[in-house]
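Open the model and turn it slowly. Then follow the chain from its start.

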Amino acid sequence: MTEETSCWILASIVSLEGGASGWYYAFCKDCKKKVLPVNDEYTCRRCGFIGSNPGVRYMMKVIVNDCTGCMNLLIWNNDANVMVGKSARAVLDISKNEKGVIIQNCWKK
Ligand SMILES: [Zn+2]
C-alpha cells in the first residue's frame, strides 16, 4: 500500500505491554488532553488544570500476529473497554488496591 487508508485485519494478540505507560494514559478532565504526573500532581499544559485524579483511558500497545507476520498496534479506549470488560479507571484502581496487578490479569475471559 502506498496510500493511507483504513482496513480490517484478523490477527491474534501475542504481546501486550503491561508497564505503567504501556496500556493507559492520563488526561485532563477539562480539555481532554494528555497530562503527565509531576510529584503525584497532574498539570495540563493546555488549560492549566492541576489535580491528583485525572481521567484515564486505554491506549494499549500490542503486538499482533497473523499467518503472514507480526506488527505493532495501538488499541484505543472504546475497543479496549469492550475487549477487557472493564474501564481503564477500574483496572487502574484494581492495580493500586492489589499493589501491581497487571492488565493481563483483568482481560475478559
Ligand atoms: Zn486541560
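**A walk through the fold**

The protein holds 2 helices and 7 strands. Here helices (H or I, at least four residues) and strands (E, at least two) are DSSP runs, numbered from the N terminus. From the N terminus on, the order is β-β-β-β-β-β-β-α-α. This is a predicted model: local features need pLDDT of at least 70, side-chain atom pairs count only at pLDDT 80 or more, and totals for chains, interfaces and linings use all residues. Residues are numbered from 1 along each chain as its sequence is written.

Start with the pairing of strands. Strands of a sheet pair through backbone hydrogen bonds, either parallel or antiparallel. Two strands count as paired if DSSP finds at least two bridges between them.

Look at strand 6 (55–66). Strand 1 (residues 12–16) is joined to strand 6 by 4 bridges, and the two run antiparallel. Leucine 16 has valine 62 in strand 6 as its bridge partner. Strand 2 is also antiparallel to strand 6, again with 4 bridges. There, tyrosine 25 has arginine 57 of strand 6 as its bridge partner. Now find strand 7 (residues 69–76), which runs antiparallel to strand 6 and is joined to it by 8 bridges. Methionine 59 has its bridge partner, tryptophan 76, in strand 7. The link between strand 6 and strand 7 is a hairpin through 2 residues.

Two loop residues deserve a stop. Most residues other than glycine have a negative phi. Lysine 32 has a phi near 70°, a positive value in a residue other than glycine. Lysine 32 lies in the loop between strand 2 (24–27) and strand 3. Asparagine 39 also has a positive phi, near 55°, and is not a glycine. Asparagine 39 sits in the loop between strand 3 and strand 4.

Are these two residues buried or exposed? A residue is buried if 20 or more other C-beta atoms lie within 10 Å of its own, exposed if 12 or fewer, and partly exposed in between; C-beta atoms are placed from the backbone. Lysine 32 has 13 C-beta neighbours inside 10 Å, so lysine 32 counts as partly exposed. Asparagine 39 has 6 such neighbours inside 10 Å, so asparagine 39 counts as exposed. Across the 109 residues of the protein, 17% count as buried.

Now go inside. In soluble globular proteins, nonpolar side chains tend to be buried together. A nonpolar core is a set of buried Ala, Val, Leu, Ile, Met, Phe, Trp, Tyr and Cys residues joined through C-beta atoms within 7 Å. The largest such core here has 10 residues: Trp23, Tyr24, Tyr58, Met60, Val62, Ile75, Ala80, Val84, Ala88 and Val91. Strand 6, helix 1 and helix 2 (88–97) each supply at least two residues of this core. Strand 6 gives the most, with 3 residues. Another core, of 6 residues, lies apart from it and includes Ala26, Phe27, Val35 and Cys44.

Tyrosine 58 belongs to strand 6. Tyrosine 58 is buried because 23 other C-beta atoms lie within 10 Å. Which residues does tyrosine 58 contact, leaving aside its neighbours within four places in sequence? They are Trp23, Tyr24, Ile75, Trp76, Asn77, Ala80, Asn81 and Ala88. Two residues are in contact if their C-beta atoms, placed from the backbone, lie within 7 Å. Tyrosine 58 and isoleucine 75 are 17 residues apart in sequence, with 7.5 Å between their C-alpha atoms.

Finish at asparagine 81, in helix 1 (residues 77–84). Asparagine 81 has 17 other C-beta atoms within 10 Å, so asparagine 81 is partly exposed. Not counting residues up to four places away in sequence, asparagine 81 touches Tyr58 and Ser87. Asparagine 81 and tyrosine 58 are 23 residues apart along the chain, and their C-alpha atoms are separated by 7.6 Å. Now take the whole protein: among contacts between residues at least 6 apart in sequence, 44% join residues at least 24 apart.
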